[in-house]
Amino acid sequence: MLLVLAIGCYTWLASRIIAEDKTRLLYDINHNIAVSTAAQIQSSIQRIVDQVKLFIVSQTVAGSSRAELPADFLKLAGINALHVFTREKKEPFPLRGIASPSETHFESAFPPIESSGKHLWMDGEKLFLGATVDLILSGKLETFIAIAEIEAWPIFRTLEATSLYQSFLVRPSGEVLIQYDQNQLVPNRNLAGHPLLSQTSPKLSGVKTYQFENTLWYGAYAPVDVGNLLFVSQADRSEIQSALRLLAKRSLLFGLIVVTLTFLASILFSKKLTGNLALLTLRTKEVSDGDLSTPISITSKDEIGDLAA
């Protein structure tokens, strides 16, 4: 009876604690996913910009072809094509050994690049990065606008989350650049009016529970220092609750198994202990009655065994 009562109390208390703790844990995990993913994207973009700077410098140092870096240098950095313009006149800056993005008009990309320093966008299935590049050439500060067609898979791979989460890169206007829905790349959509876009600062990260498109979500967000992009990771609350219930059941089952095994072990130990005590008591009574013929056969390696010996 006491065992049943103890197990019942444990089950009720543990289920309450697990539900609260696991919900906070999921908030923390989602927030960490958002912050770390945003940082990875920023790092990848900055690495590409640094490679572009180095490539431009290599083509302008003393006009010497020996200083040039091969086109494979950019290919290894994930740059398929590169076009560089002078900032003032928007005239192409000649580059050798690397292809230019073909049949793509960049005029509309210049304003966001100049206003934020970096701009990321997709044209069809191609991913482009635009950035202002400041270089000192022949003792003079020169500013260029570099537009690179980059490999999309490193960014896509960074956005992959767990099977519970949707993750996407979105602009403050609601325009989605890239979206993953439970590890599936899905067509872009507009998220104008999304609570995380209208109620959060573009420079802060955080977590929030909100209603959107008739669904209650657990969401986390973090800024990406590329054209005011925001990384958002969100999960359907009903799916999270289902996962929590499953996790709670498994945790409770594990706890019950541990409690049961502990109880059975304690019973076996107590039976062995009380059995030796009962035998010692019986033999002591026989000795007190004058019967010294029966040995005390207790072989346990403890104090009771020492006393019996």
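Which helix is Ile 257 found in? Ile 257 sits in helix 6, residues 237-288; helices here are DSSP runs of H or I with at least four residues, strands are runs of E with at least two, and both are numbered from the N terminus. This is a predicted model, so local features need pLDDT of at least 70 and side-chain atom pairs count only at pLDDT 80 or more, while totals for chains, interfaces and linings use all residues. Residues are numbered from 1 along each chain as its sequence is written, and side-chain values use heavy atoms, with hydrogens and water left out.

Ile 257 has a relative accessible area of 44%, so it counts as partly exposed; buried means under 20%, exposed means over 50%, and partly exposed is what falls in between (1.4 Å probe, protein chains only). Together with Leu 253, Leu 261, Phe 263 and Leu 264, Ile 257 makes up a nonpolar surface patch with about 460 Å² of accessible area. Patches take residues with over 30% relative accessible area and no salt bridge, joining like charges within 9 Å and nonpolar side chains (Val, Leu, Ile, Met, Phe, Trp, Tyr) within 5 Å. The areas come from the Shrake-Rupley method with a 1.4 Å probe, and for residues only the protein chains shown count as cover.

Five of them form an open sheet in the order 2-1-5-4-3, with antiparallel pairing; two strands pair if DSSP finds at least two bridges between them. At the edges are strand 2 (92-93) and strand 3 (118-123), each pairing on one side only. Strand 3 is joined to strand 4 (residues 126-137) by six bridges in the antiparallel sense, and Met 122 has Leu 127 of strand 4 as its bridge partner. Elsewhere, strand 6 (residues 165-170) and strand 7 are antiparallel over five bridges, with Val 170 partnered by Val 176 in strand 7. Five residues lie between the strands of this hairpin, and Gly 174 takes a positive phi near 105°. Strand 7 (residues 176-181) is largely enclosed by the rest of the structure, because five of its six residues are buried.

What about the inside? The largest nonpolar core has 49 residues, and Ile 79, Leu 82, Leu 120 and Leu 169 have the most contacts inside it. Helix 1 gives the largest share of this core, 11 residues. A second, separate core of 12 residues includes Val 170, Val 176, Tyr 210 and Tyr 221. Such a core is a set of buried Ala, Val, Leu, Ile, Met, Phe, Trp, Tyr and Cys residues joined through side-chain atoms within 4.5 Å.

Helix 1 also holds Asn 30, which is buried at 3% relative accessibility. Not counting residues up to four places away in sequence, Asn 30 touches Tyr 165, Tyr 218, Gly 219, Ala 220, Ser 233 and Gln 234, where contact means heavy atoms within 4.5 Å.

Finally, the charges. The whole structure has two salt bridges, each a side-chain nitrogen of Lys or Arg within 4 Å of a carboxyl oxygen of Asp or Glu. One links Lys 140 to Glu 142, with the closest N and O atoms 3.9 Å apart; Lys 140 is exposed at 52%, whereas Glu 142 is partly exposed at 27%. Glu 175 and Arg 171 form a salt bridge with their closest N and O atoms 3.4 Å apart. Here Glu 175 is partly exposed at 39%, but Arg 171 is buried at 10%.
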